[in-house]
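Subject: Structure handover

Dear colleague,

Please find the structure below, followed by notes on what turned up in it.

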Amino acid sequence: DDVESRGLGDVYKRQEQEKTFYAVQLIASAKRVPPKDRQFKSYRGKVTEFVTGGRFRYKYCVGRFDTRKQAEAKLAEVRREFRDAFVVSCRGDRIVQ
């Protein structure tokens, strides 16, 4: 029974990790940027790094929202400091838009 419940816990954890969520991307960079770097301005230490393919493989985002609408509300605030910020769809540790 313990093995079964542990197995289900793993299934639920995996489902949670695979659930789509939304974030606001601040910048993309060809080189890794420390999360507390000054270029993140008031979001220093609050960014999440996503690594993708391509030239600008390091993407830095803030927030984790269940709906695009919630992310868009945050976007309005973020654009005061990052005019080119936009909403991205994420799943697990990947941007999937």
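The side chains of Lys59 and Thr52 are joined by a polar contact of 3.4 Å (a pair of N or O atoms within 3.5 Å, one able to donate a hydrogen and the other to accept it; residues adjacent in sequence count only if both atoms are side-chain atoms). Lys59 sits in strand β3 (strands are DSSP runs of E, at least two residues, and helices runs of H or I, at least four, numbered from the N terminus). Lys59 is buried but has no salt bridge, and Glu49, the nearest side chain of opposite charge, is 11 Å away. Here buried means under 20% relative accessible area, exposed over 50% and partly exposed in between, with a 1.4 Å probe on protein chains only; a salt bridge puts a side-chain nitrogen of Lys or Arg within 4 Å of a carboxyl oxygen of Asp or Glu.

This is a predicted model, with local features requiring pLDDT of at least 70 and side-chain atom pairs pLDDT 80 or more, while totals for chains, interfaces and linings use all residues. Residues are numbered from 1 along each chain as its sequence is written, and side-chain values use heavy atoms, without hydrogens and water.

The open sheet has 5 strands, ordered β2-β3-β1-β4-β5, with antiparallel pairing (a pair needs at least two DSSP bridges). β2 (48–51) and β5 (94–95) are the edges, each with a single partner strand, so one side of each has no neighbour in the sheet. Strand β4 (residues 86–91) is joined to β5 by 2 bridges; Arg91 has Arg94 as its bridge partner in β5.

Lys41, in the loop between β1 and β2, has a positive phi of about 55° although it is not a glycine. Lys41 is partly exposed, at 43% relative accessible area.

Regards

How values were computed. Lys, Arg positive; Asp, Glu negative; His and termini not counted.
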